[in-house]
Amino acid sequence: MKKILVTGGTGYIGSHTVVELQAAGYDVIIIDNLSNSNESVVDGIERISGIRPLFVRLDCNDTDGLRSLFTAHPGICGIIHFAASKAVGESVRLPLMYYRNNIVTLLNLLELMQEFGVEGIVFSSSCTVYGQPDLLPVTEDAPVKPAMSPYGNTKQISEEIIRDAIHAGLPFRAVILRYFNPIGAHPSAEIGELPNGVPQNLVPFITQTAAGIRPELQVFGSDYDTPDGSCIRDYINVVDLSKAHVTAMNRMLENKSDQPMETFNLGTGRGLTVLELINAFEQSTGVKVPYRIVGRREGDIEKVWANPEHANKVLGWTAQTSVEDTLISAWKWQQKLGRQQ
Ligand code: WQD
């Protein structure tokens, strides 16, 4: 079995990707510092797959710890690097923490990949690198614009670091995956999104409001140039997104590309406004979401959705799950969390 290291593997997208990697026959090692997740996620993964992945609590800033891990587990052939801080607003308040946590950790991994002969890295990037695209839907060759937050800048810088490392001849391959807006939970409701404290993202705030944990949802802005004035995003099912990582890892390890580095948009190709998403949740679940329209949130872009054709054609991957079924999975997960709290 090919051995894959998943950094941030107890996180939201990381945990769902571990499940898909196991289903594809990979032997998975998870490292995570548990700063924004919980070790109980490993139990959830095991309940789904029947296989308990090795979990090592480790921070990617700990180079000695990383080196010990690679030494103890020879033969790691690929890395999927999720471990990073990812809250836009927090990054504006704590830029130095974001640059250290998101950039230095990548540098540590790339140097150890060279030292231990790891064949490739699948890197978790984001559509935030596009800023507000001039043309929609956005394609991978769209110009990368000045980031609107330190978080977005760390993703841009990370992509450039990987590109320059490969250009300099470091002996590994890379696939950059630019996520749009991941939402939903595994249909088993054994794993899902576990936001720390007050949710920053829309869907966990919707489900917590629907569950009565939050009194109401605030809709940030209704004066944008969109059909109903609220922002447009491309909401993609987290399991569909996770499957793309396996496809990317397979392609990279089987050396199917003549390019040492490839970049793919992972989206549905369909944009929805905030108000349309709220309505879709209410229609799908039958649960009302009390909301109030307030002012815009700093750093928000107006509208973005993917042109996913490159991933569809080259990766052979297409998002399959409807937004309605995805929202139902998010609600099912929230209800289970509610019973546990
Ligand atoms: C979506 C829309 C908000 C909360 C961020 C990161 C991105 C990725 C996904 C990591 C926006 C509106 C939200 C609320 C609202 N993360 N909203 N009320 O900002 O598009 O993307 O998360 O990779 O990199 O930038 O996602 O879910 O925060 O917001 O009205 O309580 O919902 O204004 O229009 P975003 P989001």
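These are my notes from a walk through a predicted model, with residues numbered from 1 along each chain as its sequence is written. As ground rules, local features need pLDDT of at least 70, side-chain atom pairs count only at pLDDT 80 or more, totals for chains, interfaces and linings use all residues, and side-chain values use heavy atoms, with hydrogens and water left out.

**Entry 1: the ligand**

Asn-181 puts a polar side-chain atom 3.0 Å from an oxygen atom of the ligand. Gln-200 uses a polar backbone atom, 3.4 Å from a ligand oxygen. For Phe-220 I found a backbone N or O atom at 2.9 Å from an oxygen atom of the ligand.

How much of the ligand does the protein bury? Taken alone the ligand exposes 680 Å², and the protein buries 92% of that. Those areas come from the Shrake-Rupley method with a 1.4 Å probe; for residues, only the protein chains shown count as cover.

I then sorted the shell by element, where helices (H or I, at least four residues) and strands (E, at least two) are DSSP runs numbered from the N terminus.

**Entry 2: strand 8**

I stayed with strand 8 for its two faces. Side chains in a regular strand alternate between the two faces of the sheet. In strand 8, Leu-217 and Val-219 make the covered face, while Gln-218 and Phe-220 make the uncovered one.

What does strand 8 pair with, and which way do the two run? Strand 13 (residues 291-294) is joined to strand 8 by four bridges, and the two run parallel. Two strands pair if DSSP finds at least two bridges between them. Val-219 stands opposite Ile-293 in strand 13.

Most residues other than glycine have a negative phi, and most peptide bonds are trans. The bond from Leu-136 to Pro-137 is cis, with omega near -5°. Pro-137 sits in the loop between strand 5 (120-126) and helix 6 (150-167).

Ala-189 has a positive phi, near 60°, and lies in the loop between strand 7 (181-183) and helix 7 (202-210). Asn-255 has a positive phi too, about 55°, in the loop between helix 8 (238-253) and strand 11 (261-266).

Are these two buried or exposed? Ala-189 is buried at 3% relative accessible area, whereas Asn-255 is partly exposed at 49%. The cut-offs are under 20% for buried, over 50% for exposed and partly exposed in between (1.4 Å probe, protein chains only).

**Entry 3: salt bridges and one threonine**

I counted salt bridges, each a side-chain nitrogen of Lys or Arg within 4 Å of a carboxyl oxygen of Asp or Glu. The count comes to 17. One of them joins Arg-47 and Glu-190, at 2.7 Å from N to O. Arg-47 is in helix 2 (residues 40-49) and Glu-190 in the loop between strand 7 and helix 7, so this pair ties together parts 143 residues apart in sequence.

Asp-134 and Lys-145 form a salt bridge as well, with the closest N and O atoms 2.7 Å apart. Asp-134 is exposed at 63%, and Lys-145 is partly exposed at 24%.

Glu-302 and Lys-303 pair at 3.8 Å. Glu-302 is partly exposed at 22%, but Lys-303 is buried at 18%. Shared partners also join Asp-43, Glu-46 and Arg-52 into one network.

Last, I checked Thr-10, in the loop between strand 1 (3-7) and helix 1 (12-23). Thr-10 is buried at 3%, and its side chain makes a polar contact with the side chain of Asp-32 at 2.8 Å.

Conventions:
Polar contact = N/O pair within 3.5 Å; in protein donor to acceptor, adjacent residues only side chain to side chain.
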